[in-house]
Amino acid sequence: MSDLNKLTLADARDLLRKGETSSVALTEACLSAIEGAGALNAFVHKTPDLALERARAADARLAQGDAPAMCGLPIGIKDLFCTEGVASQAASRILQGFRPEYESSVSAKLRDAGAVMLGKLNMDEFAMGSSNETSVYGNAVNPWKVDTRDLTPGGSSGGSAAAVAADLCLAATGTDTGGSIRQPAAFTGTVGIKPTYGRCSRWGIVAFASSLDQAGPMTKTVRDAAIMLEAMCGHDPKDSTSADLPVPDFEAMLTGDIRGKTIGIPREYRIDGMPEEIAALWDRGADMLRDAGAKIVEISLPHTKYALPAYYVIAPAEASSNLARYDGVRYGHRASLAAGDGITEMYEKTRAEGFGPEVQRRVMIGTYVLSAGFYDAYYNRARKVRTLIKRDFETVFADGVDAILTPATPSAAFGLGEMANADPVQMYLNDVFTVTVNLAGLPGISVPAGLDSAGLPLGLQLIGRPWEEGDLLNTAHVLEDAAGFVAKPAKWW
Amino acid sequence: MSEIDHETARKVAKLSRIAVPESDLPGLANDLSRILTFMEELNEVDVEGVAPMTSVTPMRLTRRKDGVTDGDYQDKILSNAPDAREGFFAVPKVVE
């Protein structure tokens, strides 16, 4: 069979179970696609030998019957996940050479379910960025192309999105602190879900902003997102914020029936300067859900406007604290020292050499807003605004709204380098529709819904009630079906 | 607009333990000022009587018995150290 790398997780799983293909064949197809896709710079640490070893083990397990859904399926893992014995450096120079002696809980769950890791995927440094341009490995490139420009796959999970869109793997892991799964999914015509805060264990995932970070799958279809999310979720005593709740069979909840559901359209998301195409797509999405039997209501989330500034206080504050551990003592890079340099010079030089400019900026902003005299004015005020943002959502859910429909991003993918001279705040605006979801700890999913006039994918976002990913996936599944997005990037790489 | 001057930028860099060359301080001060100005939109919000969020999902942190549950792999812990000697992390001399 040709083009095994182009299969969805669901189709590959079914073929494996019927004995019509093997994990080794799937893995070899992906490895060969990866070899031919250097121009995308998506896979930054390849693990072909390990992949084939795991594929052979998966085939043996499949032959015995009763293998889990993910068994034998080749996937990519974002570089933010610690993977035992395999380079894991959060796309940062400061973790150069770091090979963890342990496996993150989420990647361990996938490994134990028999999924085959093909390698590690490019990303923004420490997941700080929206274009994959802050990576020490260089830019990941979007497989979608409409002119001579190389486009961003989005960020921070840019390598994951590019790899899934280009069929280098069947699916990939991502992480999302302010939109880092959903924005790259929207830019590449793929599906990405950030589950409720606490669904996926954070243990072993390099921490950026601990109260916002969540892992999730990046896939070709909503069904695949349901399959892979289930394999990633579950209680973990090693993460004190991991929820001790049963994990439902998400795939079984994809009934395609949303009759009687109430979908909210938040008026505050109709921001000034929203491109006409995005507004029209959003309206079409609402029509599709209405046609499927849902009730569409206008809602208000009055504090939406303050989500971005609150996020850009809270996330850097937590990052400045989390990144204090990179001091050149226990792992990663240490600067070479001049005669007479003491331990302070070692810290300062190591961190100056090891962190890129965006990470340095955020660490310093975080340090500033937490410093004596500013803590109340910035950090505590932002945490109060966060309470209000969450309350906005609680109010509409209490009024009977089941899910909220919004655009995923304020634009389609832009050219790499185009934002190089922009104010840092301009880049932050990419997260305007996604960041509220992290602040409120809710599940959110990006579904490809159409192409813009240039031929680039656009996504719509659905936001669900806490812990109701199954219901959210079902609504997303209906939207996906109605939108009928089947376009794939033409191969140029 | 919030103004971060060179002196404040230098102080923040020091607190962050990041060496910033003197020539980069004006650019850094400018970037930090713009970001802080953006954050000042938060001053428009009435937060009177609102509690700062401490946990996004209502949960009690779980407790366990205070005991040793893990450990005994010094070699693994030291395996990634830039400089490890005789079972310890090694750093430049701290005490004269």
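**Entry 1: the annotated span**

I began with residues 26-473 of chain A, whose end C-alpha atoms lie 26 Å apart. I noted that the span is 35% helix and 14% strand. I looked the span up in UniProt, where an unreviewed entry gives residues 26-473 of chain A the annotation "domain: Amidase". I kept in mind that this is a predicted model.

**Entry 2: the listed active site**

Which residues does UniProt list for "active site"? I found A:Lys78, A:Ser156 and A:Ser180, again from an unreviewed entry. They are spread over 103 residues of sequence, yet they cluster in space. The largest C-alpha distance is 11.3 Å.

I took A:Lys78 next. I located A:Lys78 in strand S2 (residues 74-78) of chain A. Is A:Lys78 buried or exposed? I counted 31 C-beta neighbours inside 10 Å, and the cut-off for buried is 20 or more. So A:Lys78 counts as buried. I left aside its neighbours within four places in sequence and listed contacts of A:Lys78, among them A:Leu121, A:Met123, A:Ser157 and A:Ser160. A:Ala172, A:Thr173, A:Gly174 and A:Thr175 are also in contact with A:Lys78.

Then I went to A:Ser180. I found A:Ser180 in the loop between S4 and helix H6 (182-188) of chain A. A:Ser180 has 37 C-beta neighbours inside 10 Å, so A:Ser180 counts as buried. Leaving aside neighbours within four places in sequence, I found A:Ser180 in contact with A:Ala127, A:Gly155, A:Ser156, A:Ser157, A:Gly174 and A:Thr175. A:Ser156, one of those contacts, is itself on the UniProt list.

I placed A:Ser156 in the loop between S3 and H5 of chain A. What is the peptide bond from A:Gly155 to A:Ser156? I read it as cis, with omega near 10°. I found A:Ala127 in the loop between S3 and H5 of chain A too. Phi of A:Ala127 is near 65°, a positive value in a residue other than glycine. A:Ala127 has 30 C-beta neighbours inside 10 Å, so A:Ala127 counts as buried.

**Entry 3: helix H5**

How many of the 8 residues of helix H5 (residues 158-165) of chain A are buried? I counted 8 of the 8, so H5 is largely enclosed by the rest of the structure. The buried residues of H5(A) include A:Gly158, A:Gly159, A:Ser160 and A:Val164. I checked what they pack against: strand S1 (43-46), S2, strand S3 (116-121), S4, H6 and S6 of chain A. After H5(A) comes A:Asp167, whose phi is positive, near 60°.

**Entry 4: helix H1**

I listed the buried residues of helix H1 (residues 9-18) of chain A: A:Leu9, A:Ala12, A:Arg13 and A:Leu16. They cover an arc of only 100° around the axis, which puts them on the same side of H1(A). I saw them pack against helix H2 (23-35), helix H3 (48-63), strand S4 (171-176), strand S6 (214-219) and helix H7 (222-232) of chain A. A:Gly19 follows H1(A), and its phi is positive, near 75°.

**Entry 5: helices H9 and H11**

I compared helix H9 (residues 307-322) and helix H11 (residues 357-370) of chain A. Their axes come within 7 Å and cross at roughly 100°. That makes H9(A) roughly perpendicular to H11(A). On H9(A), I noted A:Val313, A:Pro316, A:Ala317, A:Ala319 and A:Ser320. These meet residues of H11(A), including A:Arg362, A:Val363 and A:Leu370. By class, I found 8 nonpolar, 3 polar and 1 charged residues in this contact.

**Entry 6: where chain A touches chain B**

I found 56 residues of chain A in contact with 36 residues of chain B. Which helix of chain A gives the most to this side? I found that H12(A) does, with 11 residues. H9, helix H10 (343-354), H11, helix H12 (375-398) and helix H13 (424-428) of chain A each supply at least two residues. By class, I noted 28 nonpolar, 13 polar and 15 charged residues on the side of chain A that touches chain B.

**Entry 7: one residue of chain B**

Last, I looked up B:Arg17, in the loop between helix H1 (6-15) and helix H2 (25-39) of chain B. Phi of B:Arg17 is near 55°, a positive value in a residue other than glycine. B:Arg17 has 20 C-beta neighbours inside 10 Å, so B:Arg17 counts as buried.

Key
Residues numbered from 1 in each chain as written. Chains lettered and ligands numbered in written order. Predicted model: local features only at pLDDT ≥ 70, side-chain atom pairs only at ≥ 80, totals over all residues. Axes fitted to C-alpha atoms, helices over the stretch in contact; angles between N-to-C directions. Helix = DSSP H or I, 4+ residues; strand = E, 2+ residues; numbered from the N terminus. Parallel < 35°, antiparallel > 145°, perpendicular 65-115°, else oblique. Contact = placed C-beta atoms within 7 Å. Nonpolar A, V, L, I, M, F, W, Y, C, P; charged D, E, K, R; others polar. Buried ≥ 20, exposed ≤ 12 C-beta atoms within 10 Å, placed from the backbone. Arc of directions from axis to C-beta. UniProt positions renumbered as here; feature names shortened; annotations may be inferred.
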